[in-house]
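The sequence and the structure come first.

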Amino acid sequence: MTDTSLSAADTPAQKAGRNALKLAKRLRHEVGDAINDFNMIEPGDRVMVCLSGGKDSYALLDILLGLQKSAPIDFSLVAVNLDQKQPGFPEDVLPRYLASLGVEYRIIEEDTYSIVKRLVPEGKTTCSLCSRLRRGILYRVADELGATKIALGHHRDDIVHTLFLNMFYGSKLKAMPPKLISDDRRHIVIRPLAYCREKDLIRYAEQKAFPIIPCNLCGSQPNLQRQVIRDMINDWDRRFPGRIENMFRSLRNVVPSHLADTRLYDFAGLRVGAALPDEGGDTAFDSETFSDPTAPVFDDEEAAPATVRRPVINILDTRVAGGCGE
Ligand code: SF4
């Protein structure tokens, strides 16, 4: 068992080391929980991990490789990077890194950059066509590799940002699902980092010294709508710690009878004496009250009072599930 508790006598280096261990453990548990909750990985799966060279996809691969060693089920991993031929893309970085890990990998070279530049007028956003082309290529590669799951590095903050983007600009209550099926129903896409905070992934990438490849090589302008949402949520996070967590939890706690979508709930069919709906209950005359809308989230889990400590259960990892707390 690894003792990760801090003591007053710790040197700064010891403290940093222990905090790094705790962060790695927390991320591993969160990924394990997401995998379990959504049945993301099953025995015999061949998981294609899409690696862009950004911090999130590096963390995804790193954590999945760790889980693979301790999981009670067998699954294989193959890392895939799509080299889109953006100017200045450092071609040697990912092969060198992946070879050092000893993981199976493929680098796919497809010049989508030239296609996008040729087809999209100057000044227009290129991301939509670029990501459509990338998606098609990755699905084809998944077929070629016999991959049964395609893993992407989106995290909890990406999911919350997408929720607000869809509400603000699309009039839809819709986020980014942790698991989805492709339109042709032939591929399952999973997002094992769905429970992970971006700020943890930033710290993890620093600690692991991943060889990050800049994400602006294509020269695309940042998506302004996404930036507006990002700034808004970051501001909330500074002023109301815990708010992002609560927003994400709300996606897992939907009450259709207290929304207004007639396709989700049969409002027209409501009659006196009918069966009661879901947990929303009768709030017709109530003003909403909330006990603790911004429950704090502790960077240091052990500093958190027991009542707000998040349960850490990872049935993928038998050692943790067995309670030895490795
Ligand atoms: S930022 Fe560049 S590489 Fe990424 S989706 Fe947009 S155009 Fe493509």
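Which residues does UniProt list for "binding site"? The unreviewed entry lists Cys127, Cys130 and Cys218; UniProt positions follow the numbering used here, feature names are shortened, and annotations may be inferred rather than shown by experiment. They span 92 residues in sequence, yet no two of their C-alpha atoms are more than 9.9 Å apart, so they gather at one spot.

The model is predicted: local features need pLDDT of at least 70, side-chain atom pairs count only at pLDDT 80 or more, and totals for chains, interfaces and linings use all residues. Residues are numbered from 1 along each chain as its sequence is written.

- Helix H5 (residues 127-145) contains Cys127; helices are DSSP runs of H or I, at least four residues, numbered from the N terminus.
- Cys127 counts as partly exposed because it has 16 C-beta neighbours inside 10 Å, whereas Cys130 is buried, with 20 other C-beta atoms within 10 Å.
- Those classes use C-beta atoms placed from the backbone: buried means 20 or more others within 10 Å, exposed 12 or fewer, and partly exposed in between.
- Cys130 also lies in helix H5.
- Not counting residues up to four places away in sequence, Cys130 touches Thr112 and Val116 (C-beta atoms, placed from the backbone, within 7 Å).
- With that same exclusion, Cys127 touches Ser220 and Asn223.

**Helix H6**
- Buried residues of H6 include Ile159, Val160 and Leu163.
- The buried residues of H6 pack against helix H7 (198-208), helix H8 (224-239) and helix H9 (243-251).
- Ser171 follows H6 and has a positive phi, near 55°.

Key: Helix = DSSP H or I, 4+ residues; strand = E, 2+ residues; numbered from the N terminus. Contact = placed C-beta atoms within 7 Å.
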